[in-house]
Amino acid sequence: MALDELKAALPDYAKDLKLNLGSVIGNSDLPEQQLWGTVLACAMATGSASVLRELEPEAKAVLKPEAYEAAKGAAAIMAMNNVYYRTLHLLSDKEYGTMRAGLRMNIIGNPGVDKVDFELWSFAVSAINGCGQCLDSHEGVLRKAGVDREVIQAAIKVAATVQAVAAVLDAEAQLLR
């Protein structure tokens, strides 16, 4: 199982991450599609080859093909949007925020899966990428759709844990060079 491989790869000082992998992914209350779409989108967002290599096969096995592609699509579109909207937020000149973005974002309107699932995956990726404007936007859509805060928090926990595991494994790989 992918989680066992990741846990085994973590050093002793990251014992909390091992435990968190088991709880936030292995014992999640999220429906399978929401969970594994979140896991896949977050694994892609980390940019960590080792994390993606371990988690992608299980995500692919669990998710229907359209959900698998949509989760990857959420990671892709948020890679762009998080940079764009985070930059607008950080700029002192707020006039940039009034300008037309002119960037294609068609997948957001037609992700090929339930809109709530796609929004949750986009939200989780935005947490990893640190875009407050995107976090607020996706959280608002989720809450308006009736999604409980506990579901949104579960996605945050997945994002935080997957990102932390990626950071540790990538750092340890660099130490071995």
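Mentor: Let's start with one side chain: that of Ser48 reaches the backbone nitrogen of Val51 at 3.3 Å. This is a predicted model, in which local features need pLDDT of at least 70 and side-chain atom pairs count only at pLDDT 80 or more, while totals for chains, interfaces and linings use all residues. Residues are numbered from 1 along each chain as its sequence is written, and side-chain values use heavy atoms, with hydrogens and water left out.

Trainee: What counts as a polar contact?

Mentor: A pair of N or O atoms within 3.5 Å; within protein, one must be able to donate a hydrogen and the other to accept it, and residues adjacent in sequence count only if both atoms are side-chain atoms. Besides Ser48 with Val51, look at Thr87, where a polar side-chain atom is 2.7 Å from the backbone oxygen of Val83.

Trainee: In which loop is Ser48 found?

Mentor: Helices (H or I, at least four residues) and strands (E, at least two) are DSSP runs, numbered from the N terminus. Ser48 is in the loop joining helix H3 (32-46) to helix H4 (49-62).

Trainee: Is Ser48 buried or exposed?

Mentor: The scale is relative accessible area: under 20% is buried, over 50% is exposed and anything in between is partly exposed (1.4 Å probe, protein chains only). Ser48 counts as buried because its relative accessibility is 1%. Thr87, in helix H5 (residues 65-90), is partly exposed because its value is 36%.

Trainee: Which residues is Ser48 in contact with, beyond its sequence neighbours?

Mentor: Contact means heavy atoms within 4.5 Å. With neighbours within four places in sequence set aside, Ser48 is in contact with Ala43, Ala166 and Asp170.

Trainee: Ala43 is in H3 and Ala166 in H9. At what angle do the axes of H3 and H9 cross?

Mentor: Axes are lines fitted to C-alpha atoms, for helices over the stretch in contact, and angles run from 0 to 180 degrees between N-to-C directions. Here the axes of H3 and helix H9 (residues 149-175) cross at roughly 35° and come within 9 Å. As for handedness, a crossing is left-handed if the near helix is turned anticlockwise from the far one by less than a right angle, and right-handed if clockwise. The crossing of H3 and H9 is right-handed. H3 contributes Gln34, Leu35, Thr38, Val39, Cys42, Ala43 and Thr46 to the contact, and H9 contributes Val151, Ala155, Val158, Ala159, Val162, Gln163 and Ala166.

Trainee: How many nonpolar, polar and charged residues does the contact of H3 with H9 have?

Mentor: Ala, Val, Leu, Ile, Met, Phe, Trp, Tyr, Cys and Pro count as nonpolar, Asp, Glu, Lys and Arg as charged, and the others, Gly among them, as polar. By that scheme the contact of H3 with H9 has 10 nonpolar, four polar and no charged residues. Look at Gln34 too: with a relative accessible area of 13%, this residue is buried. Leaving out neighbours within four places in sequence, Gln34 is in contact with Val116, Asp117, Leu120, Trp121 and Val151.

Trainee: Which residues does UniProt list for "active site"?

Mentor: UniProt positions are given in the numbering used here, feature names are shortened, and annotations may be inferred rather than shown by experiment. The unreviewed UniProt entry lists Cys131 and Cys134 under "active site". Cys131 sits in the loop between helix H7 (115-129) and helix H8 (132-144), while Cys134 lies in helix H8. Cys131 is buried because its relative accessibility is 0%, and Cys134 is buried with 5%.

Trainee: What does UniProt list for residues 95-172?

Mentor: The unreviewed entry gives "domain: Carboxymuconolactone decarboxylase-like" there. In the model, residues 95-172 are 72% helix and 0% strand, with the end C-alpha atoms 43 Å apart.

Trainee: How is Leu103 placed?

Mentor: Leu103 lies in the loop between H5 and helix H6 (106-109), and is partly exposed at 35% relative accessibility. With residues within four places in sequence set aside, Leu103 is in contact with Met80 and Tyr84.
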